[in-house]
Amino acid sequence: MTYVEYKQLNPFQRFAYNTKKFFCNIPHAVAHFFTALGKAIVKFFVGIGKGFANYGKTFVKGDWATKLSYLIFGVGDLSKGKYYKGILFFAVEVLYILYMAFFGWGYLKMFPTLGIQAQRTEYINGIIPKQVPGDNSMLILLYSVLTLVITVVVFAIYITNIKDAYRHQIMKANGQKPTSFKYDMKQFLDGKYHITLMSFPVLMIGIFNVLPLIFMILIAFTNYDKQHMPPGTLFTWIGFDNFGSLFNLVEGAKKGYTFVKLTEWTLIWAVAATFSNYILGMIFALMINKKGIKFKSLWRTLFVITIAVPQFVSLLLMNQMLQSNGAVNILLSNITNSHVEIQWLNQDATLARWVVIIINCWVGIPYTILSMSGILMNIPEDLYESARIDGAGPVKTFTAITLPYMLFVTTPQLITQFVGNINNFNVIYLLSNGNPTTEKYYQAGETDILVTWLFKLTMNSQDYGLAAAIGILVFVICATLSLIVYNNSKSMKDEEAFS
């Protein structure tokens, strides 16, 4: 279709054309994504190869101090007068050796088996029982991960030590002197101030994000569950068995059936929750900001008050109101003069899902209204004046100016909301608790999404290995969809369009 033909379409035809084009481009976008991922992996290994090549070249070209730095940290800096840095490098090596000798290696050597001897009971004099502690698989895995991360950090310091030694060798050959401690400290408060500011946050991210993430990923490859609960018993590596059980779709395979059905519902829920809030929030924002509307401040204040009430309070209140003897059924009974006892959340799956989506609009639309109001205020008035001069009506103005501008600005926000709804634990768990229950699913209800199923697996059945596998798959789904949608949006392709 040519540009002229496209411009001659009415708004509904354009929407249908763009929707069709989007879905037709999905296979190409997926292929492009995995191609880019493959190139990134190849580039990573090529970079490693170049690193090893430079490692060998530096050793060949280095003097005695640089060569000795390959074995003893800091020798190159000490020999060139960079004393404080050489001492720090040497201290890192000493501390790492002590850590591995007295703590790290003891756990790391048991990492392949996650323990051999379980806790056992011995009897003193054949009568008095005594619990003899054994290996703890949880601590072995945790401290092994910690040791591996520390090893990677020390290896990076080791490479830095070699590069620093060779750099100071070159400086000395050129008649230059190494910088002083005072000068380096000034640099960390001036030219390298960003490093000073970011060091502590990066350290905290490593401790509280990276370590737990690696630990969770590894848990997915173990049989850590109620029957293998340390310290009483051990858990072991089982490879991809947890992932296999999720993709096992033969008849009677409850876990695989549950995963497929909940994935379908999770995606339906995420799309419905995201776009219902977005579209309705946009409509309300347009109504409130329309010229001639009275009491604009009042309407905005009411929506802000709605946001000010904690979400969990609203959801728990709605849960009570929608019970069989709750306020909604009592009100309907009074209106109809008959006994009404509708099971809004506990009987019919379709009704419960519709109720969850509608209640989500109640708690989500106010946020959209506020963000949309700010965007509407920033649209240049000249665009509207030009459209009116050209004879454009309200519908044409909305489809040609307001909607494209909003979509351009809010595409990243839409992606964030979509991913947030895939992981929207609060609305599902606090409102319906996954009900209605069903025997067809494994440890899940009809309105459960993947993240609430994960929670129930950990809290109710202690099936941690399966829950970790689900967490990894949820991440893959969110990351893939987010990257595909964002990379095909105008916000990414033509970021200067509305500048």
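**Figure 1. Packing of α18 against α19.** The crossing between α18 and α19 is left-handed in this predicted model. Their axes lie 8 Å apart and form an angle of about 165 degrees. Angles over 145 degrees count as roughly antiparallel, so α18 is roughly antiparallel to α19. On the α18 side, the contact is made by Leu450, Trp453, Leu454, Leu457 and Thr458. These residues meet Tyr464, Leu466, Ala467, Ile470, Gly471, Val474 and Ile477 of α19. Sorted by class, the contact holds 10 nonpolar and 2 polar residues, with no charged residues.

**Figure 2. Packing of α10 against α19.** Helix α19 spans residues 464–487 and packs on α10 at an angle of about 35 degrees. The two axes are 13 Å apart, and the crossing is right-handed. From α10, the residues in contact are Lys255, Phe259, Thr263 and Leu267. Their counterparts in α19 are Leu466, Leu473, Ile477 and Leu481. This contact comprises 6 nonpolar residues, 1 polar residue and 1 charged residue. Leu466 and Ile477 of α19 meet residues of α10, and Leu466 and Ile477 also take part in the contact of α19 with α18.

**Figure 3. Packing of α10 against α16.** The axes of α10 and α16 cross at roughly 140 degrees and come within 10 Å. The angle therefore makes α10 oblique to α16. The crossing of α10 past α16 is right-handed. The α10 side of the contact consists of Thr266, Leu267, Trp269, Ala270, Val271, Ala273, Thr274, Tyr278, Met282 and Leu286. Among the α16 residues that they meet are Phe398, Met406, Leu407, Leu414, Phe418 and Ile422, together with the polar residues Thr402, Thr410, Gln417 and Asn421. The contact of α10 with α16 includes 15 nonpolar and 6 polar residues, and no charged residues. Leu267 in α10 meets residues of α16 and is also part of the contact with α19.

**Figure 4. The second largest pocket.** This pocket holds about 730 Å³ of space. It is lined by 19 residues, of which Leu286, Asn289, Lys290, Lys291 and Tyr384 are the closest to its centre. At least two lining residues come from each of α10 (254–289), α14 (349–378), α15 (381–389) and α16 (394–422). Helix α16 supplies the largest share of the lining, with 4 residues. By class, the lining divides into 10 nonpolar, 4 polar and 5 charged residues. Leu286, listed among the residues closest to the pocket centre, belongs also to the contact of α10 with α16.

**Figure 5. Backbone features of the loop between α17 and α18.** Most residues other than glycine have a negative phi, and most peptide bonds are trans. Asn433, in the loop between α17 and α18, has a positive phi, near 55 degrees. Pro436 lies in the loop between α17 (425–431) and α18 (450–459). The peptide bond that leads from Asn435 to Pro436 is cis, with an omega near 5 degrees.

**Figure 6. A cis peptide bond between two prolines.** Pro230 and Pro231 are joined by a cis peptide bond whose omega is about 5 degrees. Pro231 is located in the loop that runs between α8 (193–219) and α9 (241–246).

Key. Residues are numbered from 1 along each chain as its sequence is written. This is a predicted model: local features need pLDDT of at least 70, side-chain atom pairs count only at pLDDT 80 or more; totals for chains, interfaces and linings use all residues. Side-chain values use heavy atoms; hydrogens and water are left out. On a 1 Å grid over the protein atoms alone, a cavity is a set of points where a 1.4 Å probe fits but cannot get out, and a pocket is an open set with protein on both sides within 12 Å along at least five of seven lines; lining residues have an atom within 4 Å of a point. Grid points are joined across faces, edges and corners, and a volume is the space filled by probe spheres set on the points. Axes are lines fitted to C-alpha atoms, for helices over the stretch in contact, and angles run from 0 to 180 degrees between N-to-C directions. A crossing is left-handed if the near helix is turned anticlockwise from the far one by less than a right angle, and right-handed if clockwise. Contact means heavy atoms within 4.5 Å. Angles under 35 degrees count as roughly parallel, over 145 as roughly antiparallel, 65 to 115 as roughly perpendicular and the rest as oblique.
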